Amino acid sequence: MTAASGQNMAVNAERLWDSLMEMAKIGPGVAGGNNRQTLTDADAEGRALFQKWCEEAGCSMGVDRIGNMFATRPGTDPDAAPVYVGSHLDTQPTGGKYDGVLGVLGGLELVRTLNDLGVKTKHPIVVTNWTNEEGTRFAPAMLASGVFAGVHSQDWAEDKTDAEGKRFGDELDRIGWRGDEEVGARKDHMHAFFELHIEQGPILETEGRDIGVVTHGQGLSWTQVTVTGKESHTGSTPMPMRKNAGLAMARILEEVETIALSHAPHAVGAAGHIEVHPNSRNVIPGRAIFTVDFRSPDLAVIQDMEAKLAAAARRICDAMGMEVELEKVGGFDPVAFDANCVNAVRDAAERLGYSHMNIISGAGHDACWINRVAPTAMIMCPCVDGLSHNEAEEITKDWARAGADVLLHAVVETAEVVA
Ligand code: HGY
Ligand code: MN
Ligand code: MN
């Protein structure tokens with residue numbers, strides 16, 4: 001096949017699927033998914049496998065000082081700014097096999113396919129694995145791509161601690177994945193960034209579309225709320241005397257639901273992280289710590305929800321005679337992706353005959369930060385019942401094929417095939 005007839009280029013979906021299943025064996029969950037949390041030994045094992053595959057595909061691997069991985073396939077013009085692809089290999093504790101991983105291994109499959117076809121591109125192509133996209137062990141989400149994009153300082157990121165008090169920077173050193181590249185040194189020499197990701201919602205499957213052309217990403221706000229009441233005996237403390245921080249939390253969480261629904265249909269709100277202390281069956285909780293996750297495509301709506309949460313939390317805790325503190329621990333504004341890159345995605349889906357529709361990403365992604373430093377777009381494929389952040393997350397091989405084919409064509413068009 002000549003490079004000029006790129007129209008017929010297609011990925012090897014079987015090989016992509018085999019790689020997905022091979023990676024899924026690392027950091028298995030308890031119900032068929034994955035628990036490969038960032039900077040764990042399982043994360044290190046997955047990184048090593050990814051590096052092995054990239055080097056087998058003729059790529060050279062660079063790693064920066066916060067663990068971001070960059071596998072480079074050379075272009076014919078070594079001075080041309082590379083086209084970056086990729087996503088993340090870390091998972092939620094009850095994660096699926098495809099969230100993030102499809103984008104990293106879809107990028108590797110793109111390289112493998114170009115090698116098979118003997119296709120050369122002017123611009124180098126770089127397949128990335130961004131450290132700690134999930135933000136579940138070390139908040140916030142998209143931590144390392146945020147440092148790369150200049151949103152967070154490296155020291156701020158490295159001082160983040162997990163539930164056991166372990167530091168991000170120490171864990172990165174412990175697993176041996178702190179590279180030598182300065183974080184962000186690459187950001188001024190990026191031609192584009194494309195991220196393939198499962199939708200993690202029900203829209204594409206419901207609409208019967210194979211491809212989501214992601215025009216925007218909704219914004220995110222994480223507010224950590226700490227309510228302080230008073231530990232006391234669950235049996236002998238009269239009800240009127242109790243300062244039950246758990247009850248105050250429950251009332252605040254009811255308000256979170258009401259606030260999000262007040263901005264229906266696009267806004268969402270919930271708390272996924274909840275702790276009560278001392279978490280003993282016969283002690284009234286003296287402290288409750290929880291993180292409220294609000295999202296919306298509209299920044300003003302996010303700000304309104306944050307304000308309403310603060311007012312409700314203070315009103316409830318004042319009435320119950322308790323203290324409350326609120327701390328913003330994560331967030332990013334809604335993003336509009338690069339029109340040219342978005343068009344490259346749409347044109348590729350059109351050329352390949354895949355059904356497609358514009359979509360706003362409900363989840364946050366590394367692309368949301370990289371969009372600040374390079375022309376960026378995302379490609380989405382459906383997932384079964386829109387389910388994600390659940391071990392039962394599933395996609396079909398055809399959806400994986402469609403997403404990887406569109407990634408291949410959008411990237412090759414941007415990286416300029418050399419006949
Ligand atoms: O939180 C998010 O949206 C992403 O899955 N980390
Ligand atoms: Mn993800
Ligand atoms: Mn995720």
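**Loops, rings and a ligand**

Modeller: P265 lies in the loop between α8 (245-261) and β10 (268-277), where helices (H or I, at least four residues) and strands (E, at least two) are DSSP runs, numbered from the N terminus. The peptide bond from A264 to P265 is cis, with omega near 5°. This is a predicted model, in which local features need pLDDT of at least 70 and side-chain atom pairs count only at pLDDT 80 or more, whereas totals for chains, interfaces and linings use all residues. Residues are numbered from 1 along each chain as its sequence is written, chains are lettered from A and ligands numbered from 1 in the order in which they are written, and side-chain values use heavy atoms, with hydrogens and water left out.

Colleague: What makes the pair of F70 and Y84 edge-to-face?

Modeller: Rings of Phe, Tyr and Trp (its six-membered ring) pair if their centres lie within 6.5 Å, and planes under 30 degrees apart count as stacked, over 60 as edge-to-face and the rest as tilted. The model has eight aromatic pairs by this rule, and in the pair of F70 and Y84 the centres are 6.2 Å apart with 85° between the planes, which is edge-to-face. Because F70 lies in strand β2 (residues 69-73) and Y84 in strand β3 (residues 83-87), the pair ties together parts that are 14 residues apart in sequence.

Colleague: Why is L39 called buried?

Modeller: Buried means under 20% relative accessible area, exposed over 50% and partly exposed in between (1.4 Å probe, protein chains only). L39 has a relative accessible area of 0%, so L39 is buried. Its place is in the loop between α1 (13-24) and α2 (41-56), and its phi is near 65°, a positive value in a residue other than glycine. Most residues other than glycine have a negative phi.

Colleague: How do you know which residues are around ligand 1?

Modeller: A residue is near a molecule if one of its heavy atoms lies within 4 Å of it, and the residues around ligand 1 are E133, E134, A141, R295, A363, G364 and H389.
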